Amino acid sequence: GKYSQAISATKYALDFYTKINHSNGIAEAFNQLADTYFKMKRYEESIAYANQTLAILERHFDHELELTALKLLEKSHFRTGQYKEAHHYLQKAATLNDSIYSAKKKAIISELEARYKMQEKENEIELLNSEKQLSLAKLRQQEVMRNAILIGGSLLLVIGILFFFFYRTVQLQKQQAERVR
């Protein structure tokens with residue numbers, strides 16, 4: 001029932017991928033066939049398709065798909081009593097799994113480091129902007145103070161000059177008043 005439909009659909013997809021020379025699609029189809037035959041307990045056919053998957057993946061890398069094929073080979077060989085072969089594929093799958101995990105861990109670490117560096121740079125930019133704003137505020141404050149001193153000094157000068165002229169006028173009026181007497 002369902003398995004024969006799955007096999008028929010997967011073989012149709014395999015023909016399509018083969019016509020367009022899509023290696024990853026071909027490997028996926030072989031792997032799907034291997035999985036379906038495994039579920040049907042047709043282990044020899046599962047082994048054959050899983051091996052075809054690995055053959056394609058030797059030229060076109062897809063480690064996740066390769067890991068799936070290795071696990072299918074391990075389980076199929078185990079079910080057929082080929083324990084030495086099963087152990088061999090189990091070791092290969094474990095090594096590949098460690099490699100995939102290590103690569104993913106390195107990618108995560110690299111991404112975290114990049115995010116950390118980006119955050120550091122953003123913080124540095126923010127600090128520089130704050131320092132710039134503070135510097136501009138100090139400059140504005142100094143400018144206001146300078147202007148206030150200039151205006152205040154000018155006013156004092158004007159008042160001084162006015163006072164001098166007023167004082168001189170008063171003195172001249174006193175001198176004229178004494179002359180008149």
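In the predicted model, the side chains of Arg42 and Glu45 form a salt bridge, with an N to O distance of 2.6 Å. This lies within the 4 Å limit applied to a side-chain nitrogen of Lys or Arg and a carboxyl oxygen of Asp or Glu. Arg42 is partly exposed, at 35% relative accessibility. Glu45 is also placed in the partly exposed class, its relative accessibility being 29%.

A salt bridge also links Lys104 to Glu64, and the closest N and O atoms of this pair are 3.0 Å apart. Lys104 belongs to helix H5 (residues 83-180) and Glu64 to helix H4 (residues 63-79), so the contact ties together parts that are 40 residues apart in sequence. The relative accessible area of Lys104 is 46%, which makes this residue partly exposed. For Glu64 the relative accessibility is 39%, and this residue too counts as partly exposed.

Within helix H2 (residues 23-39), the side chains of Asp35 and Lys39 meet in a salt bridge, with an N to O distance of 3.1 Å. The two residues are four positions apart in the helix, and therefore about one helical turn separates them. Lys39 is partly exposed, with a relative accessibility of 46%.

In general, side chains of opposite charge can pair when their charged atoms come close.

Conventions. Residues are numbered from 1 along each chain as its sequence is written. This is a predicted model: local features need pLDDT of at least 70, side-chain atom pairs count only at pLDDT 80 or more; totals for chains, interfaces and linings use all residues. Side-chain values use heavy atoms; hydrogens and water are left out. Buried means under 20% relative accessible area, exposed over 50%, partly exposed in between (1.4 Å probe, protein chains only).
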